[in-house]
Amino acid sequence: MSAYVIADVQLTGDVGEVEQYRAGVQATLEPYGGRFLVRGGAYEVIEGDWQPGRIVVLEFPSAEAAHEWNDSAAYQAIAPLRTRNMDSKRLIVEGATGDTGATGAES
């Protein structure tokens, strides 16, 4: 079952280091089947008082692959560029299985 890494990030530091991070991320995704679905872009808050920064959504073939990517040596080598220069909230969420029954919080 597909899984997604969803991040809400706010730039807080060095733009040059953020660009280094952005340039290096793609190569770390490929061995785990990861790909960008959303990488910034325009958005519209349609409910609540959420004030997102930059929204990023990554797709992986499974939650296990998403965790393996996040914990990989290649990603961990560039992650400090992100953590030093961005305030981020990230999570891994499994995709829908096709079952119409509620399994978690309703949207």
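Predicted model: local features only at pLDDT ≥ 70, side-chain atom pairs only at ≥ 80, totals over all residues.
**View 1. Strands S1 and S4 run antiparallel, joined by nine bridges.** Strand S1 covers residues 3–11. Strands here are DSSP runs of E with at least two residues, and helices are runs of H or I with at least four, both numbered from the N terminus. Two strands pair if DSSP finds at least two bridges between them.

**View 2. Four strands form an open sheet in the order S2-S3-S1-S4, with antiparallel pairing.** At the edges are strand S2 (35–39) and strand S4 (86–94), each pairing on one side only. On average, neighbouring strands are turned by 20° against each other, direction ignored. Axes are lines fitted to C-alpha atoms, for helices over the stretch in contact, and angles run from 0 to 180 degrees between N-to-C directions.

View 3. Helix H1 (residues 15–29) lies across S1, S2, strand S3 (54–60) and S4, and runs at about 140° to S2. Helix H2 (residues 63–71) packs on the sheet and touches S1, S3 and S4, with its direction at about 150° to that of S4. Contact means heavy atoms within 4.5 Å.

**View 4. Helix H2 packs against helix H3 (residues 73–85) at an angle of about 55°, with their axes 5 Å apart.** That makes H2 oblique to H3 (angles under 35 degrees count as roughly parallel, over 145 as roughly antiparallel, 65 to 115 as roughly perpendicular and the rest as oblique). Trp69, Asn70 and Asp71 of H2 meet Ala73, Tyr75 and Gln76 of H3.

**View 5. The largest pocket holds about 310 Å³ of space.** Its lining has 21 residues, with Val9, Tyr21, Arg54, Val56 and Met86 nearest the centre. H1 gives the largest share of this lining, six residues. On a 1 Å grid over the protein atoms alone, a pocket is an open set of points where a 1.4 Å probe fits, with protein on both sides within 12 Å along at least five of seven lines; lining residues have an atom within 4 Å of a point. Grid points are joined across faces, edges and corners, and the volume is the space filled by probe spheres set on them.

Notes. Residues numbered from 1 in each chain as written. Heavy atoms only, no water.
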